[in-house]
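Colleague: I should like to go through the reasoning behind several labels used for this model. Please set each value against its criterion.

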Amino acid sequence: MKIWHNTKLVDQVELPQTSGAWLMGDGAFETIRTYLGRPFALEQHLIRLQCSLDHLQIRAPEMKDVLAGVEEVLAANAPHENGRLRITVYSDGQWLATHFPHEASITPAKLMRYPDIKFSKYAIANVKSASYAENFRAIRLARARGFDDCLFVNEKDEVIESAMANVLWLRDGKWFTPKLSSGGLPGVTRALLIQHFGVLESTLQESEMGKVESLALVSSLREIQPVERYESILYPISKSLTEFQSSFHAWVRDKLGI
């Protein structure tokens, strides 16, 4: 496997042993789904990367250089049927692009409530920071208790997102996603669903989870994944949800011309 590191393709990355940047996770990243070696929504991901770096007060590499590195790493590695392209930028100027095969999850997810509060005004709530410690803690807690992921709730008892994805819910025949003011990440897939598929922004109290007709997780890697359970609440895999999954997947492939 070839990796793009700063200015060239390498077989192995050697990061500085004393650099506080990568050791402390001081940076930002984007993960992009590829289909037959073609990245989807790359421009939107690069815009979000630039916004994250600006917010973290980190100088970004020239985006033309990032694009060139991405093209090189995609050309140098096998065009996986489904792939995971990751771009990571650290505060010391180091940056990487990698491309791995990706196995999309098709199993409906089981969610639990994260036991701690995630505050909506947290300074980097809307940033794709390389500091992912709380998210990984949430995943470990969930898996230890027989779940797949955790649902974050803020100080106003509003549902925010899961540790690894944005959230959609179906109510009265319409699809909704939490407002960013709740403290969630501005997901690229989330934005596309709002722009092109009529998903509405709203707030959802955790106490209202039992009134939701269908629940799903959305991200660039998973597209739209059904949720079958939140704590003790069970959700049907509705016809509306399966049709939504199918139409979004077809739309993505049409946009890529595959």
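Modeller: Buried means under 20% relative accessible area, exposed over 50%, and partly exposed in between. The model is a predicted one. By that criterion, the buried residues of α2 are L42, H45, L46, R48, L49, S52 and L53.

Colleague: What makes these buried residues of α2 line one face of the helix?

Modeller: Viewed down the axis of α2, the buried residues fall within an arc of 160°, so they line one face. In general, an α-helix has 3.6 residues a turn, so residues three or four places apart point the same way. The cover over the buried residues of α2 includes β3 (27-35), β4 (38-39), α3 (63-76), β5 (82-90) and α5 (188-197).

Colleague: How do you know that the length of α2 agrees with its number of residues?

Modeller: Helix α2 comprises 14 residues (42-55), which at 1.5 Å a residue should span 20 Å; the end C-alpha atoms are 20 Å apart, and therefore the two agree. After α2 comes Q57, with a positive phi near 65°.

Colleague: Why is S232 called exposed?

Modeller: The relative accessible area of S232 is 68%, and the cut-off for exposed is over 50%; S232 is therefore exposed. S232 lies in the loop between β14 (223-230) and β15 (233-234).

Conventions:
Residues are numbered from 1 along each chain as its sequence is written. This is a predicted model: local features need pLDDT of at least 70, side-chain atom pairs count only at pLDDT 80 or more; totals for chains, interfaces and linings use all residues. Side-chain values use heavy atoms; hydrogens and water are left out. Helices (H or I, at least four residues) and strands (E, at least two) are DSSP runs, numbered from the N terminus. Buried means under 20% relative accessible area, exposed over 50%, partly exposed in between (1.4 Å probe, protein chains only). The expected span of a helix is 1.5 Å times one less than its number of residues. The arc is that of the directions from the helix axis to the C-beta atoms. Contact means heavy atoms within 4.5 Å.
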